[in-house]
Amino acid sequence: MLELLGKGDWVITVQKSKNDNINILNVRGLKKYFPIQKGFLKRTVGYTKAVDGVNFFIKKGETLGLVGESGSGKTTIGRCIVRLYEPTEGSVEFCTNGEMKNLLKLDKQEMKKVRRHFQMLFQDPYSSLNPRMRIGNIITEPLKAHGIGTYKEQIEQAKELLVKVGLDEDQLNRYPHEFSGGQRQRIGIARALSINPEFVICDEPVSALDVSVQAQVLNLLSDLQDEFNLSYLFIAHDLSVVEYISDRIMAMYLGKIVEISPSEEMYQNPKHPYTEALLGSISKHEPGSSRRIILHGSIPDPSNPPSGCVFHTRCRYARDICKEVVPKLEAVKGISGAFVACHRSDELSLKGCI
Ligand code: SF4
């Protein structure tokens, strides 16, 4: 359970129960290159490397936070997993009924069967709900698409879900415009859960909401995770949102993972200068304080990424080696589950969030 302390400040008051050690998702060597086409004949003149060789896993019942500035490739990862985008390379293994299946090798029919086990929750509750459909039809749409239950059973399920997400069952016949932003996101959650998925990709689900409403929706997602034994990939650009819902966090920059760490460890003891800078933006230090790390400039063009470490053009700790050699994502000595891609991670003493 999260409680709002003040503007942007939350505290966890209830521990989440976590289950076994089984991975629900294994992503290996994932790449998504978008072709850049020019001229009358639309010749391919280059590629935008939105995701460039990414490896990670998610355990059953776990929440993996994925953070980075806009343009880092985090939303593309979510879309590649559910094949809204066809990846250029790599594998996405998903565990269902005790069996690991590479989603990228499934044909349309097989993919449709597996798709009922995972869902996506989108950022904008205004545009993700069809304004001409009643709430009942919106929530039962996935059930109809997968041929699950009779009409009566589908309506009963929709009523039950409305109550679970904190709305009234008699709101079934209303339209999306009759609800507030937070309520619409609750409807989106009810729709995502209607087919009983095991895994939900939450793509910035609270970014468009007021801070006080954000805490309520995060609470709801956390409660539903416990009740339905859900696993989440939680994508956000705001680290303060990801902290409280995630077990581990993955930071991404220009299509590459630069750090993965247990949530608390990343906040208190970041290992990558990019993570330190992201934490600086939510730090409680006064603007202008020397303890506050500011990230200058904007993310480089992913069609022409910098040589060596892709972060070197903005890194305050960069040395010559950083411009020439690509750092590997390697385990951090003495910290279980922590990985970083930085030539200087052993010698740097970076500032966490206070
Ligand atoms: Fe900075 Fe060099 Fe580390 Fe890259 S490898 S984050 S440029 S210190």
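Predicted model: local features only at pLDDT ≥ 70, side-chain atom pairs only at ≥ 80, totals over all residues.
Residues are numbered from 1 along each chain as its sequence is written, and side-chain values use heavy atoms, with hydrogens and water left out. Local features need pLDDT of at least 70 and side-chain atom pairs count only at pLDDT 80 or more, while totals for chains, interfaces and linings use all residues.

Me: How many helices and strands are in the protein chain?
Reply: Helices (H or I, at least four residues) and strands (E, at least two) are DSSP runs, numbered from the N terminus. On that basis the protein chain has ten helices and 14 strands.

Me: Why is the protein chain as compact as a globular protein of its length?
Reply: The radius of gyration is taken over C-alpha atoms, and the globule rule is 2.2 Å times the number of residues to the power 0.38. For 354 residues the rule gives 20 Å. The protein chain is close to that, so it is as compact as a globular protein of that length, with a radius of gyration of 21 Å.

Me: What share of the contacts with a separation of 6 or more joins residues 24 or more positions apart?
Reply: Contact means heavy atoms within 4.5 Å. Among contacts in the protein chain with a separation of 6 or more, residues 24 or more positions apart account for 65%.

Me: What percentage of the residues of the protein chain count as buried?
Reply: Buried means under 20% relative accessible area, exposed over 50%, partly exposed in between (1.4 Å probe, protein chains only). Of the 354 residues, the buried share is 49%.

Me: Which elements do the buried residues of H9 pack against?
Reply: Helix H9 spans residues 273-280, and eight of its eight residues are buried. Among them are Pro273, Tyr274 and Leu278. They pack against strand S5 (63-67), helix H7 (239-245), strand S11 (248-253), strand S12 (256-262) and H8.

Me: Which residues does Ser263 touch, not counting residues up to four places away in sequence?
Reply: Ser263 is in helix H8 (residues 263-268). Ser263 is buried, with a relative accessible area of 7%. Its partners are Glu243, Ser246, Asp247, Arg248 and Ile249.

Me: What distance separates the C-alpha atoms of Val200 and Leu230?
Reply: Val200 lies in strand S9 (residues 199-203). Val200 is buried, at 3% relative accessible area. Its contacts beyond four places in sequence include Gln119, Leu193 and Leu230. Val200 and Leu230 are 30 residues apart along the chain, yet their C-alpha atoms are separated by 7.2 Å.

Me: What distance separates the C-alpha atoms of Val211 and Ile299?
Reply: Val211 lies in helix H6. Val211 is partly exposed, with a relative accessible area of 29%. Val211 and Ile299 are 88 residues apart along the chain, and the C-alpha separation is 26 Å.

Me: Which residues lie nearest the centre of the largest pocket?
Reply: On a 1 Å grid over the protein atoms alone, a cavity is a set of points where a 1.4 Å probe fits but cannot get out, and a pocket is an open set with protein on both sides within 12 Å along at least five of seven lines; lining residues have an atom within 4 Å of a point. Grid points are joined across faces, edges and corners, and a volume is the space filled by probe spheres set on the points. The largest pocket holds about 450 Å³. Of its 17 lining residues, those nearest the centre are Gln119, Met120, Phe122, Pro142 and Arg191.

Me: Which elements each supply at least two residues of the lining of the largest pocket?
Reply: By class the lining has nine nonpolar, five polar and three charged residues. Ala, Val, Leu, Ile, Met, Phe, Trp, Tyr, Cys and Pro count as nonpolar, Asp, Glu, Lys and Arg as charged, and the others, Gly among them, as polar. The elements are strand S8 (118-121), helix H3 (135-145) and helix H5 (181-193).

Me: Which residues lie nearest the centre of the largest cavity?
Reply: The whole structure has three cavities of 30 Å³ or more. About 90 Å³ lies in the largest cavity. It is lined by 13 residues, and nearest its centre are Pro273, Cys309, Cys315, Cys322 and Cys342.

Me: Where is Lys42, and what is its phi?
Reply: Most residues other than glycine have a negative phi. Lys42 sits in the loop between strand S3 (23-38) and strand S4 (43-59). At 55% relative accessibility, Lys42 is exposed. Its phi is positive, near 50°.
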